[in-house]
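Here is a short report on a ligand site and a helix pair. Look at the model first, then read on.

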Amino acid sequence: MAQKEVGIGLIGYAFMGKTHSNAYRQVARFFNPEVKPILRAICGRNEQNVKRAADQFGWESYETDYRRLLERKDIDIIDVSSPGNEHLPMAIAAAQAGKTVFCEKPLGNSFDEAKQMLDAVEKAKVVNMVCFNYRRVPAVALAKRMIENGDLGRIYHFRARYLQDWIADPNFPLVWRLQKEIAGSGTLGDIGAHILDLSAYLVGKLTEVCSMTETFVKQRPLQATSTGTEGLNAQASSEMGEVTVDDAAAFIGRFENGAMGVFEATRFAPGRRNFNTFEINGEKGSVAFNFERMNELEYFNAQDPTDRQGFRTINVNENDQPYSGIYWPAGHIIGYEHSFINTVYDLLQGHAQGKSPHPDFRDGAYNNGVLDTVVKASESRKWEAVPQV
Ligand code: SOE
């Protein structure tokens, strides 16, 4: 039977537009999804830039108004990969148009926005998912399997540091990720959201947090015009502007199951390019992950004979490991882009089966609820309770 085709409409053509386009193009070449994604249209306001992206990334067409995507009968899935301040209107309109909605992280720029988006998809009864891609790095999925199997026993600690350095230069321009009215927050919502989602995936939900945030560089040169191809680079103009978001955040939290959580996120750690790391300690052992060595999982088994205990490095590309055996033989490692291909595979399966894959918009709303609570605690300098979702 011919594979059913599903049309994709992607909003956004910059860094995430590039990673998502690649994932839609590649997914059916490695997985066998129940539905075949067709790259119908990519959307962006700047016609010159979005036309170039359509040509370069392999889209059948392009649009400069996202509402056109919602009207098109040949589009079934809307992918919201725009800056954070546009997630709310776009995701709600897509849900109301009856489309499956796939939204980049964080879901909203606030808990209130995220709750509105959750209400919209539940009311419209559409499949929904948030692109926290690191859950689908094979080494992370293996850690999840081990914890679920009880291999670590009772979990005592989740400890995560997500360190970058792309704005440590004070002359780096004031890009949209540094503007509260667009991004909602800075490091906290951009990469703090990732380690928070990993903690929810691997350990569980937080009940309360205590925190601090800091903005080290208060003024930066405004960004010169953007082509959308800069990724995390940008050209500076001669005019200065106010930085209105956090440069770094640190918080601690108590999990529902009694485990302790310690989180740090910064873009001011020279030498750490995308140092997304966690360590989990349990009664039977520990696991540790570092995205910059994404094919490996460090494992300590406290039940090993005492004369040979120690952290061992597991190469996570054996055929019986999560998402492994899909791409290449054992030992032939994979990259950042494969976490998006794995994510898009689960999105397509969810769309085909009418079941929202995790993390769904409820998971995304929980994430936004904690992010808002971290900001609240940094201002009150007190422990603050995380809202229930
Ligand atoms: C910038 O911090 C960024 O591109 C994030 O926005 C992504 O979510 C992360 O995966 C890589 O770094």
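Predicted model: local features only at pLDDT ≥ 70, side-chain atom pairs only at ≥ 80, totals over all residues.

Which of the 13 residues around the ligand come nearest? They are Lys-105, Tyr-134, Gln-164, Asp-190 and His-194.

Residues are numbered from 1 along each chain as its sequence is written, and side-chain values use heavy atoms, with hydrogens and water left out.

**Ligand site**

The shell holds 7 nonpolar, 3 polar and 3 charged residues. Ala, Val, Leu, Ile, Met, Phe, Trp, Tyr, Cys and Pro count as nonpolar, Asp, Glu, Lys and Arg as charged, and the others, Gly among them, as polar. Helix H8 (residues 187-202) gives the largest share of the shell, 3 residues. Helices are DSSP runs (H or I, at least four residues), numbered from the N terminus.

Polar contacts here are pairs of N or O atoms within 3.5 Å.

| Side chain | Distance to a ligand oxygen atom |
|---|---|
| Tyr-134 | 2.7 Å |
| Arg-177 | 3.1 Å |
| Tyr-336 | 3.5 Å |

The protein covers 97% of the 310 Å² of accessible area that the ligand has on its own (Shrake-Rupley method, 1.4 Å probe).

**Helix pair**

H1 (residues 15-30) packs on H9 (residues 336-353) at about 65°, with axes 8 Å apart. Axes are lines fitted to C-alpha atoms over the stretch in contact, and angles run from 0 to 180 degrees between N-to-C directions. Contact means heavy atoms within 4.5 Å. Among the contact residues are Phe-15 and Tyr-24 of H1 and Tyr-336 and Phe-340 of H9. By class, the contact has 12 nonpolar, 4 polar and 1 charged.

Methods: Helix = DSSP H or I, 4+ residues; strand = E, 2+ residues; numbered from the N terminus. Near = heavy atom within 4 Å. Polar contact = N/O pair within 3.5 Å; in protein donor to acceptor, adjacent residues only side chain to side chain.
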